[in-house]
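Please look over the sequence and the model shown here before reading on. The report that follows takes up the strands and the ligand site in turn.

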Amino acid sequence: MSLIQINKVAKTYKMGDVEVNALKDMSVEINEGEFIVILGPSGSGKSTLLNIIGGMDKPDSGEIYYKGKVLNKVGEKELTNYRRHNVGFVFQFYNLISNLTARENIELATEISPNPLGINEVIMNVGLSERMEHFPSQMSGGEQQRVAIARAVAKNPDLLLCDEPTGALDSETGKEVLRVLKTVHERYKKTVIIITHNATIGQIANRVIRLKNGEVIDDFYNDNILSVEEVEW
Ligand SMILES: Nc1ncnc2c1ncn2[C@@H]1O[C@H](COP(=O)(O)OP(=O)(O)OP(=O)(O)O)[C@@H](O)[C@H]1O
Ligand SMILES: [Mg+2]
């Protein structure tokens with residue numbers, strides 16, 4: 001079933017006299033339960049697309065639908081509710097609150113959700129049961145990113161949007177994070193979208209979308225989906 005439909009979405013940024021066409025009449029459909037990797041060079045529009053899907057930005061033209069409901073015409077309040085209830089975000093630099101423990105960071109996020117998941121169970125599934133009373137500064141980058149994933153998942157959104165989740169991590173730690181994202185996808189049946197520069201990561205996805213200059217240049221399903229253990233970079 002279609003979860004997100006992007007229909008001829010355009011987004012242009014103006015920097016002084018210069019106009020950047022970040023997205024050029026892009027159309028993409030995202031189905032429930034997919035695990036998608038978005039690839040593309042720097043500046044190709046990956047984050048712009050993710051931010052529009054996540055309701056953090058609005059297109060200049062075109063439409064975005066969530067479960068058949070048009071999103072680009074709703075008011076701020078409804079868009080805030082969409083972000084709160086339906087979307088979980090994971091960013092490259094974790095964005096945890098530094099004076100809250102791992103558990104408190106996750107709890108805070110669940111407070112804005114009408115149907116959160118059990119915190120202890122989510123913490124267990126990201127492999128952090130032993131570390132949940134630690135502050136971010138007492139954790140490695142990979143552990144902090146797993147807290148960020150737990151925080152995004154615990155509010156129980158349909159959609160998990162990850163912008164370069166392994167971008168600040170070495171390959172082994174990055175793989176741990178990807179394993180956690182795979183677990184979340186399988187156990188909680190979330191739709192997961194990951195942006196990365198690393199084409200190898202595309203092999204663990206069920207679908208790969210390639211962007212270039214604000215356009216989709218490739219969009220395919222993997223016949224042979226590899227496990228995180230099977231990929232090497
Ligand atoms: N808020 C903004 N103001 C001005 N220009 C912007 C803004 N956000 C993005 N852009 C421009 O739009 C284009 C697409 O940016 P976007 O961040 O989507 O690229 P990206 O594929 O995520 O790149 P990266 O891999 O470097 O993160 C770039 O040329 C960028 O400079
Ligand atoms: Mg980006």
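## A hairpin turn

Which residue in the turn of the hairpin formed by E9 and E10 has a positive phi? It is Asn-213, with a phi of about 50°, in a hairpin that has two residues between E9 and E10. Strand E9 (residues 207-212) and strand E10 (residues 215-221) run antiparallel and are joined by six bridges, and Lys-212 stands opposite Glu-215 in E10. Strands here are DSSP runs of E with at least two residues, helices are runs of H or I with at least four residues, and both are numbered from the N terminus; two strands count as paired if DSSP finds at least two bridges between them.

## Basis of the model

This is a predicted model, in which local features need pLDDT of at least 70 and side-chain atom pairs count only at pLDDT 80 or more, whereas totals for chains, interfaces and linings use all residues. Residues are numbered from 1 along each chain as its sequence is written, chains are lettered from A and ligands numbered from 1 in the order in which they are written, and side-chain values use heavy atoms, with hydrogens and water left out.

## The four-stranded sheet

Four strands form an open sheet in the order E2-E1-E4-E5, with antiparallel pairing; its edge strands are E2 and strand E5 (69-70), each of which pairs on one side only. Strands of a sheet pair through backbone hydrogen bonds, either parallel or antiparallel.

Strand E1 (residues 2-15) pairs with strand E2 (residues 18-31) over ten bridges, and the two form a hairpin with two residues between them, where Gly-16 in the turn has a positive phi of about 65°. E1 also pairs with strand E4 (residues 61-66), in the antiparallel sense, over five bridges. Ile-4 has Ile-30 as its bridge partner in E2 and Tyr-66 as its bridge partner in E4, while the partner of Ala-10 in E4 is Ser-61. Between E4 and E5 there are two bridges, with Tyr-65 opposite Val-70 in E5, and in the hairpin of these strands, which has two residues between them, Lys-67 takes a positive phi near 50°.

## The site of ligand 1

Ligand 1 sits in the second largest pocket. A pocket is found on a 1 Å grid over the protein atoms alone, as an open set of points where a 1.4 Å probe fits, with protein on both sides within 12 Å along at least five of seven lines; a molecule sits in it if more than half of its atoms lie within 2 Å of its grid points. The elements that give two or more residues to the shell around ligand 1 are E1, E2 and helix H1 (46-53), and H1 gives the most, with three residues.

Of the 13 residues around ligand 1 (those with a heavy atom within 4 Å of it), Ser-42, Gly-43, Lys-46, Ser-47 and Thr-48 come nearest. Oxygen atoms of ligand 1 lie 2.5 Å from a polar side-chain atom of Ser-42, 3.1 Å from a polar backbone atom of Gly-45 and 2.7 Å from a polar side-chain atom of Lys-46. Taken alone, ligand 1 exposes 630 Å², of which the protein buries 64%, the areas coming from the Shrake-Rupley method with a 1.4 Å probe.

Note on methods
A polar contact is a pair of N or O atoms within 3.5 Å; within protein, one must be able to donate a hydrogen and the other to accept it, and residues adjacent in sequence count only if both atoms are side-chain atoms. On a 1 Å grid over the protein atoms alone, a cavity is a set of points where a 1.4 Å probe fits but cannot get out, and a pocket is an open set with protein on both sides within 12 Å along at least five of seven lines; lining residues have an atom within 4 Å of a point.
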